[in-house]
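Subject: Structure handover and notes

Hello,

Here is the structure for your files. My notes on it follow below.

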Amino acid sequence: MNRRTFRLCCYAAATICLLIGIISFFLGRPHLGVDLSVGAVTFIITYASSRRRRKNSMPAENPIVKKIEPASVTKIDGKLIVKCAKCGGDTVFDQPYAYHAGFSDSGFMYSDSGHFTLTWNPNDPAMKAFKGMDAYPSVAHCFPPKEKSEQELDIKMRRSFEHALPPAPDGTRWRFENPARCIHCSEPIAGSMFQTVYYLVYPGSISTDLTGGIKLSEYLKPEMTANS
Ligand SMILES: [Zn+2]
């Protein structure tokens, strides 16, 4: 079910409640009628205004590039296959679908090559060494800072975290702004954390948010761990 269908279902359910409320009122059940009607109207008003707030919180001017669309995405045997719009090559991910950063509560970024993914949990104790980053939302693109001073602080915060990270497995640097790239021609195939909440995990990536895997404190540069 896509977002529009879900929204329509919510409105339809609220409308049905409102109608039942009105009918109940005329059938001699005034208390039930008032409860249902007021509940339905309150829901519609609240839901509509929260939608407006969400819309307003989306970045008006995305400083990165336009949304990236791969040629196609298919799912076969628990794997996700992204076909590059430029070269037609397939990049295969060992995941059944694109993970949602908000639902999994994971921050993510790609290497400069765009061929590796780093994930972390914003609530990881090691994040406390980076002022503000422990409260940095995993769905950062939904909450862009509005004021210039906040934007500068935002960038400073992100750079401090990036500089504390060792290079990616292929020697390139991790950066928040990096998109995911086709493994054949390096054309972008999925957006950075500022463009999408969905992320892809390349083979050999660093996942510090998984139980039993490497911890963020173990992955950070030794001097950062010593300071934390
Ligand atoms: Zn390609």
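In these notes, two residues are in contact if their C-beta atoms, placed from the backbone, lie within 7 Å. With that rule, Asp209 touches Ser106, Thr119, Trp120 and Asn121, not counting residues up to four places away in sequence.

Two points on conventions. Residues are numbered from 1 along each chain as its sequence is written. The model is predicted, so local features are taken at pLDDT of at least 70 and side-chain atom pairs at pLDDT 80 or more, while totals for chains, interfaces and linings use all residues.

Confidence

pLDDT is the predictor's confidence in each residue, on a scale from 0 to 100. Its mean over the protein chain is 82, and 83% of the residues reach 70 or more. Over residues 52-65 pLDDT stays under 50, and for that stretch the model has 11 contacts beyond four places in sequence. Where pLDDT is low, the predicted coordinates should not be read in detail.

Overall

The protein chain has 6 helices and 11 strands. Helices (H or I, at least four residues) and strands (E, at least two) are DSSP runs, numbered from the N terminus. A residue is buried if 20 or more other C-beta atoms lie within 10 Å of its own, exposed if 12 or fewer, and partly exposed in between, with C-beta atoms placed from the backbone. By that count, 24% of the 228 residues of the protein chain are buried. Of the contacts between residues at least 6 apart in sequence, 59% join residues at least 24 apart.

The sheet around E5

Two strands pair if DSSP finds at least two bridges between them. Strand E5 (residues 107-111) is mostly covered, with 5 of its 5 residues buried. E5 pairs in the antiparallel sense with strand E6 (residues 117-120) over 4 bridges, and also in the antiparallel sense with strand E7 (residues 174-175) over 2 bridges. Tyr110 has a bridge partner on each of these strands: Thr117 in E6 and Arg175 in E7. Met109 has Leu118 as its bridge partner in E6. The hairpin of E5 and E6 has 5 residues between the strands, and Gly114 there takes a positive phi near 75°.

The core

A nonpolar core is a set of buried Ala, Val, Leu, Ile, Met, Phe, Trp, Tyr and Cys residues joined through C-beta atoms within 7 Å. The largest one has 32 residues, of which Phe108, Met109, Leu118, Ile189 and Leu200 touch the most other members. The elements giving two or more residues to this core are E5, E6 and strand E9 (188-190). E5 provides the largest share, 3 residues. Leaving aside neighbours within four places in sequence, Phe108 is in contact with Ala101, Thr117, Leu118, Thr119, Met193 and Tyr199.

Asp209

Where does Asp209 lie? Asp209 is in the loop between strand E11 (206-207) and helix H5 (216-219). Asp209 counts as buried because it has 21 C-beta neighbours inside 10 Å. Gly107 is 102 residues from Asp209 along the chain, and the C-alpha atoms of the two are separated by 8.8 Å.

The sheet of E1, E2 and E3

A second open sheet to look at has 3 strands in the order E1-E2-E3, with antiparallel pairing. Its edge strands are strand E1 (72-76) and strand E3 (90-93), each of which pairs on one side only. The twist averages 20° from one strand to the next; the axes behind that angle are lines fitted to C-alpha atoms (for helices, over the stretch in contact), and angles run from 0 to 180 degrees between N-to-C directions. E1 and E2 pair in the antiparallel sense over 5 bridges, with Val73 opposite Val82 in E2. These two strands form a hairpin with 2 residues between them, and Asp77 in the turn has a positive phi of about 50°. Strand E2 (residues 79-83) pairs with E3 in the antiparallel sense over 4 bridges, and Ile81 has Val92 as its bridge partner in E3.

Is E1 buried or in the open? The number of buried residues among the 5 of E1 is 0, so E1 lies largely in the open.

Regards
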